[in-house]
Structures are given as C-alpha cells and as structure tokens.
Amino acid sequence: MTPRTEPASAAGTVPPARSPRHELLQSVVDVARAIFGAAASSVFLLDEETDELVFQAVSGQGEEFLVGRRFPAGRGIAGWVATSGEPMVVDDLSVTPSFDRSLAESTEFVPSALMAAPLISESRVLGVLEVLDPSPRARTEMRELDLLAMFARQAAAALRVVSFAPADRERREGGERLGPRQRADALKLLGNLEQLLREPC
C-alpha cells in the first residue's frame with residue numbers, strides 16, 4: 001500500500017515546515033541520526049482519530065517527500081512499537097516477520113537494520129522514533145537502545161511542552177508562533193539529552 005499524503009494545512013495556520021512542532025521534531029531526527037550513526041531517522045506521530053502513524057519529520061533518505069505520509073498504526077515495526085510501548089532493535093530485517101517490506105519499499109528506502117522507541121508522555125504513546133541502518137555498535141549494545149528510549153521520552157516531553165502549553169493554545173490556533181519561553185524549555189530538554197548521549201561510555 002502506498003501511504004497517502006496528509007491534507008494541506010487550512011488557510012490561516014502555520015505551515016508545517018515553519019511550526020514550532022516541526023522545528024522541534026526535525027531537531028529530534030537530526031540529532032538521533034547523528035548520535036546513532038544512522039542512514040536516516042524518522043518521527044511518526046499517532047493520529048488517534050484515524051488510527052494511523054504519520055511521518056512528521058525525516059532526516060536523511062526520504063526527507064524531501066515523506067513528511068505527511070500515513071500508514072495504518074498496526075503495520076510494521078513502528079506499529080508494533082506504538083502498540084506495545086516498548087523499544088526494539090533489529091539487526092537483520094530480512095529475517096524479521098514484523099518488518100513490512102512493502103511498506104518500506106513505498107518510502108523508497110529499505111533498511112537492513114533499525115532501532116525504534118516509543119514517544120511516551122504521561123503513560124500515553126504519542127508516536128515512534130526510528131533510526132534506520134544505525135552503526136553496527138548501536139545495533140548490538142543494549143545501552144544504545146536504552147539511550148534511544150531515553151531520548152524518545154525526552155523528545156515526547158518536549159513535544160508536549162510545544163503542543164499543549166495552555167498559555168499559548170489560543171495564539172497557536174490563530175497561527176502565531178510558540179511563546180519564546182515554551183520553545184526554549186522544549187529545546188533545552190533536547191539539548192540536555194544530546195549532551196548526555198554524546199558523553200563517552
């Protein structure tokens with residue numbers, strides 16, 4: 001199945017490429033890709049109304065055209081991670097039953113290995129962070145998977161700051177940017193974790 005594209009933003013809203021949420025999620029995938037030596041990294045957010053996972057940010061292969069595409073939340077490894085709420089690392093996708101090769105082919109990039117972790121905030125799964133074809137070390141060390149899971153939790157916390165700051169809800173609905181304090185708080189969360197991830201073992 002070829003993922004469908006999300007409808008264009010309604011008139012008067014912030015374009016996705018310029019929204020605080022997009023900026024935040026793009027920083028998440030860029031950092032994850034760099035830290036884990038991956039060929040690509042993606043964030044999917046769960047659309048509970050349609051029960052679909054939606055590409056919200058991509059770093060590396062596919063970043064030009066994947067954002068906005070959707071697929072059923074129960075499909076593939078990302079679907080398993082979103083449903084189970086557990087991180088997962090797969091060193092050889094060719095022998096993994098839960099890997100949906102046709103779905104991967106529809107994105108024009110078929111990885112040989114991946115790591116994935118749920119974005120969880122307040123016991124709720126918001127989405128999934130994936131890194132595709134990470135470095136061999138990242139695939140074999142459990143500490144690396146733990147770090148990815150920690151990074152995903154921090155990203156989810158930052159995402160909630162951006163998405164649900166009460167003082168800015170009305171302004172966001174009117175198309176204005178996030179208040180500087182909320183944006184700084186969200187990016188600080190990611191910056192702190194990036195520093196942790198870069199520290200030598």
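The largest cavity in this predicted model holds about 270 Å³ of space. Grid points are joined across faces, edges and corners, and a volume is the space filled by probe spheres set on the points. The count comes to 2 cavities of 30 Å³ or more. As for the ground rules, this is a predicted model, so local features need pLDDT of at least 70 and side-chain atom pairs count only at pLDDT 80 or more, while totals for chains, interfaces and linings use all residues. Residues are numbered from 1 along each chain as its sequence is written, and side-chain values use heavy atoms, with hydrogens and water left out.

Back to the largest cavity: 23 residues line it, and Phe44, Phe55, Ala104, Thr107 and Glu130 are the ones nearest its centre. Lining residues are those with an atom within 4 Å of a point. The elements giving two or more residues to this lining are β2, β3, α2, α3 (101-106) and β7, with β2 supplying the largest share at 4 residues. By class, the lining splits into 15 nonpolar, 5 polar and 3 charged residues; here Ala, Val, Leu, Ile, Met, Phe, Trp, Tyr, Cys and Pro count as nonpolar, Asp, Glu, Lys and Arg as charged, and the others, Gly among them, as polar.

Zooming out, the protein chain has 7 helices and 7 strands, which are DSSP runs numbered from the N terminus (H or I, at least four residues, for helices; E, at least two, for strands). Read from the N terminus, the order is β-α-β-β-β-α-β-α-β-β-α-α-α-α. Of the 201 residues, 50% count as buried, where buried means under 20% relative accessible area, exposed over 50%, and partly exposed in between (1.4 Å probe, protein chains only). Among contacts (heavy atoms within 4.5 Å) between residues at least 6 apart in sequence, 59% join residues at least 24 apart.

Helix α1 (residues 20-35) passes a simple geometry check: at 1.5 Å a residue, its 16 residues should span 22 Å, and the end C-alpha atoms are 22 Å apart, which agrees. The expected span is 1.5 Å times one less than the number of residues. Buried residues of α1 are Pro20, His22, Leu24, Leu25, Gln26, Val28, Val29, Val31, Ala32 and Ile35. After α1 comes Gly37, with a positive phi near 60 degrees. Helix α2 (residues 76-84) buries Gly76, Ile77, Ala78, Gly79, Val81 and Ala82, and the cover over these includes β2, β3 (52-60), β4 (69-72), β5 (88-90), β6 and β7. Just past α2, Gly85 has a positive phi too, of about 75 degrees.

Next, the packing. A nonpolar core is a set of buried Ala, Val, Leu, Ile, Met, Phe, Trp, Tyr and Cys residues joined through side-chain atoms within 4.5 Å. In the largest one, of 29 residues, Phe36, Val43, Leu119, Leu129, Val131 and Leu148 touch the most other members. Two or more residues each come from α1, β2 (40-47), β6 (114-121), β7 (124-132) and α5 (142-164), and α5 gives the largest share, 11 residues. Apart from this core lies another, of 24 residues, among them Ala40, Met88, Val125 and Val128. Leaving aside neighbours within four places in sequence, Leu119 has contacts that include Val43, Phe44, Leu45, Leu129, Ala152, Ala155 and Ala156.

Asp51, in the loop between β2 and β3, has a positive phi of about 55 degrees although it is not a glycine. Asp133 likewise is not a glycine, yet has a positive phi of about 50 degrees; it sits in the loop between β7 and α4 (136-140) and counts as buried because its relative accessibility is 18%. Val67, in the loop between β3 and β4, is partly exposed at 33% relative accessibility. Not counting residues up to four places away in sequence, Val67 touches Phe55, Gln56, Ala57 and Val58. Pro97, in the loop between β5 and α3, is exposed, with a relative accessible area of 82%. Pro97 and Gly76 are 21 residues apart in sequence and 9.0 Å apart in space, C-alpha to C-alpha.

Definitions and conventions:
1 Å grid on protein atoms, 1.4 Å probe; cavity = no way out; pocket = protein on both sides within 12 Å on 5 of 7 lines; lining within 4 Å.
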